[in-house]
Amino acid sequence: EEELPDGLDESCSQEEDEDSDSDASSVTGVSSSGSVALVSRNCIECLAQPAEAQEKVLKPALVCSLFPNVPPTIYFSTRDERVEKLPWEQRKLLRWKMCTVTPNIVKQTIGRSHFRVSKKSNDWLGCWGHHMKSPSFRAIREHQKLNHFPGSFQIGRKDRLWRNLLKMQARCGKKEFNFFPQSFILPQDIKLLRKAWEEGASCQKWIVKPPASARGIGIQVIHKWSQLPKRRPLLVQRYLHKPYLIGGKKFDLRIYVYVTCYDPLRIYLFKDGLVRFASCKYSSSMKSLSNKFVHLTNYSVNKKNTEYKSNSDETACQGHKWALKALWSYLTQKGVNSEAIWEKIKDIVIKTIIASEPYVNSLVKMYVRRPYCCHELFGFDIMLDENLKPWILEVNISPSLHSNSPLDVSIKGQMIRDLLNLAGFVLPSTDSVTSGPQTRSGSTCSLGSALKEKRKPASEHFIAEKMKKAYYLTQKIPDQDFYSSVLDILTPDDVRILVETEDEYSRRGQFERVFPTHISMRYLRFFEQPRYFNILVTQWELKYYLNKHKGLELLKNWCVKGYHTGAGTDLGQMWSLPKSFFLQKSSVQSNGFSKLELGRQG
């Protein structure tokens, strides 16, 4: 990521007086000393200029939920919109934690929503920063969001990604997970690599990558055993020697994948992205292997070539960087079914995220107070071979958001704006910000009430919820008829998850949700451990995807039936099963619940 401009820390740390009703030191405003905050000036000067202030459309600061009794979320605007100011008592809670890797495009987006930079360590709502060791996630409070999940390096490191996909191949079949080139992790796999090398053709090529580097650093293409570095950790991967070429050049796709939650799993793909070309024509000659401008597509490598041509037009198929949508248009004109390629990309993205799921969920339960606290943007690098089959090359857990051209600004700016709206930042109560750290709670939408709820004796409804979950997770050979019954009676926990899922979907912008969808049942067999909420949301989508209105009306009725206890309260407290529903009978066998009947009294 880019470094902060000189003086940015100082200019951003200007804070207004706590008793003031001005907004003098917001991230995009003017500091109390009269100096202009660099975030809104120096960082924007190189970008396409926004519309004049008087032409900007005024937008409300908060986005209302689709459902009654559910708190609104903070609105993040485009550059041709302006956001109204909240009253001071609410506006003073809009604090963001800055760090050296916070991209300028993020700073500009949060600045338009009147966030200010937090000097303190515990009063912020959001942070876009470094990944942390898993135990460090304990420090994130219930009202705060960090842009990483613990354990996401299980696909973010090249060696872990290969190990996990190899594990999935062994468990689910190579046919389903054959989208990552065969790899070997050195020094552990040196004997296996030697065997594969000797069994291969005489003119084979291999690409050597450090397991945790980025931007093309340390990558080389080799064809002789003697060229292989022997004394450091490496990933050695079969080289995709027959890539699909445009204008004689190799290219790869940067696909932006956003995960808002791992239980239930919710995955989104941004509909646009970047296409990055090598800056010299491709050659299969062994003599060309040392030329990185021929074999590598990384922008950070190719921008050093004097032949590199930039592209400022997101609709144009020119230069060495295109918009993803421009590529689809180009391929469609060539008679290629680009929709089919996109569907294949969605499939391999879902499977790759599922490969990380057991690790991430385990660490979230161990170290994160509530799922609200984490979300993550992944950068998937994908290459098309000569048959237009997509192959995943690597997954980045901190994809570059550097925006040094109008093309980057247009795509990444819209993507980050939509991502932050999708994230669903909620204004906390003043008490939750000023009070000390709390102990870990479950997945709720409250900021403190979950703890009070946990101290109460287990209620009849709570027991019924546990029994229902156990019932749907212990069937050895479940079928669709069995799974569809999960929607027959919804518990308060079910309603909470479905409300979160539908509300989030309504804020998706240009993101496309790829899991859950009405076809997601096919992916449930790939999960190492079945998850009740994945069953619930996939069945919901299957039932209501053709009639969203009916599903939303059903959920709204449940919300109205519930007990509204004010903004910022636990959704689990806001809904309760109608008293006419009760647990009638549960017959338990050695393999768990064989039958659970929930019915109407009388």
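What follows is a short chat about the cavities, cores and backbone of one predicted model.

Colleague: What are the ground rules here?
Modeller: This is a predicted model, where local features need pLDDT of at least 70, side-chain atom pairs count only at pLDDT 80 or more, and totals for chains, interfaces and linings use all residues. Residues are numbered from 1 along each chain as its sequence is written, and side-chain values use heavy atoms, with hydrogens and water left out.

Colleague: How many helices and strands are in the protein?
Modeller: The protein has 19 helices and 21 strands. They are DSSP runs numbered from the N terminus: helices are H or I with at least four residues, strands are E with at least two.

Colleague: And how many residues count as buried?
Modeller: 55% of the 602 residues. Buried means under 20% relative accessible area, exposed over 50%, and partly exposed in between, with a 1.4 Å probe and protein chains only.

Colleague: Cavities next. How many are there of 30 Å³ or more?
Modeller: Three. A cavity is a set of points, on a 1 Å grid over the protein atoms alone, where a 1.4 Å probe fits but cannot get out; lining residues have an atom within 4 Å of a point. Grid points are joined across faces, edges and corners, and a volume is the space filled by probe spheres set on the points.

Colleague: What volume does the largest cavity have, and which residues lie nearest its centre?
Modeller: Its volume is about 220 Å³. The lining has 18 residues, and Ile207, Lys209, Leu296, Met383 and Leu393 lie nearest the centre. At least two lining residues come from each of β10 (206-209), β12 (234-238), β17 (376-384) and β18 (390-396).

Colleague: How does that lining split by class?
Modeller: Seven nonpolar, four polar and seven charged residues line the largest cavity. Ala, Val, Leu, Ile, Met, Phe, Trp, Tyr, Cys and Pro count as nonpolar, Asp, Glu, Lys and Arg as charged, and the others, Gly among them, as polar.

Colleague: What lines the second largest cavity?
Modeller: Asn164, Lys167, Met168, Arg171, Ile354, Ala355, Pro358, Tyr359 and Glu528. Two or more of the lining residues come from α5 (158-172), and likewise from α10 (338-367). The volume of the second largest cavity is about 50 Å³.

Colleague: Switching to the nonpolar cores. Which residues have the most contacts inside the largest one?
Modeller: Ile267 and Ile353, in a core of 91 residues. Its largest share, 13 residues, is from α10. A nonpolar core is a set of buried Ala, Val, Leu, Ile, Met, Phe, Trp, Tyr and Cys residues joined through side-chain atoms within 4.5 Å.

Colleague: What is isoleucine 353 in contact with?
Modeller: Setting aside neighbours within four places in sequence, Ile155, Val257, Val259, Tyr262, Leu265, Ile267, Phe378 and Phe380. Contact means heavy atoms within 4.5 Å. Another core of 38 residues lies apart, including Ala61, Tyr75, Met415 and Leu419.

Colleague: Where are the cis peptide bonds you have?
Modeller: One joins aspartate 263 and proline 264, with omega about 0°; proline 264 is in the loop between β13 (251-262) and β14 (265-270). Another runs from phenylalanine 515 to proline 516, with omega near 0°. Proline 516 is in the loop between β19 (511-515) and α17 (532-544).

Colleague: What about phi at leucine 388?
Modeller: Positive, about 65°, although leucine 388 is not a glycine. Most residues other than glycine have a negative phi. Leucine 388 is in the loop between β17 and β18 and is buried, with a relative accessible area of 15%.

Conventions. On a 1 Å grid over the protein atoms alone, a cavity is a set of points where a 1.4 Å probe fits but cannot get out, and a pocket is an open set with protein on both sides within 12 Å along at least five of seven lines; lining residues have an atom within 4 Å of a point.
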